[in-house]
Amino acid sequence: MTTPSDDAARPVPVRVVLPADPVLGHPEQEVVARWWRRRQPEAGWVYLVGLPSYQGREDGGVEAAGYRVWVRAAQHVRPMDGVGNDQVPTEPLASAPPSVVREVFGERRPSGRVLAKVREGRGPARGVPHAPDGEEAPEGAPLLDVQRVLNVAENPGTRLCTLRGCAQELTPMLRGFDRIGDS
């Protein structure tokens with residue numbers, strides 16, 4: 001991939017499709033433009049093309065000019081016979097900058113909770129909701145959504161795990177957000 005400056009690059013001719021204008025009654029049109037460069041972001045190829053235009057001079061005259069704009073390749077560009085795209089400079093796909101949130105907080109934990117069942121003597125089994133990536137989380141336990149975890153947590157035999165934030169996240173939802181400052 002080459003990335004010469006615009007001064008060193010020679011544009012390649014390409015057909016650019018201009019959209020129809022239903023208000024004025026104009027159909028879709030094709031114009032020959034200059035293809036300066038291309039890049040491939042996640043959404044697909046885009047091309048920098050120079051569309052022919054005119055501009056006014058200070059003396060009141062008009063002169064030929066060009067207007068450069070990035071267009072989506074698939075919707076707005078048609079190749080010209082005998083012209084290859086290997087002559088067009090390609091900008092490498094820039095990697096996304098690291099997320100500041102991810103930098104500060106680290107990788108995102110899996111969402112949901114898993115339930116570890118605890119049997120202590122007689123009576124019904126008790127449960128402890130855990131983060132799925134927690135040390136005490138049972139292997140292969142099904143992931144429970146928030147509503148199911150809240151239903152389990154309302155059971156008097158349930159103890160909320162304090163190691164990975166389960167108790168801190170669920171207590172306000174169980175007891176009301178107004179009571180956060182009370183404890």
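Start by selecting glutamate 42, in the loop between strand S2 (29-39) and strand S3 (46-56); strands here are DSSP runs of E with at least two residues, helices are H or I runs of at least four, and both are numbered from the N terminus. This is a predicted model, where local features need pLDDT of at least 70 and side-chain atom pairs count only at pLDDT 80 or more, while totals for chains, interfaces and linings use all residues. Residues are numbered from 1 along each chain as its sequence is written, and side-chain values use heavy atoms, with hydrogens and water left out.

Glutamate 42 counts as exposed because its relative accessibility is 81% (exposed is over 50%, buried under 20%, partly exposed in between, with a 1.4 Å probe and protein chains only).

Next, click glutamate 91 in strand S6 (residues 90-91). Is glutamate 91 buried or exposed? At 18% relative accessibility, glutamate 91 counts as buried.

Then jump to helix H3 (residues 146-153) and helix H4 (residues 166-175), whose axes come within 11 Å and cross at roughly 75 degrees. Axes are lines fitted to C-alpha atoms, for helices over the stretch in contact, with angles from 0 to 180 degrees between N-to-C directions.

Last stop: colour by pLDDT, the predictor's confidence in each residue, from 0 to 100. The protein's mean is 79, and 83% of its residues reach 70 or more. Among the elements, S3 has the highest mean pLDDT (92) and helix H2 (residues 100-105) the lowest (74).
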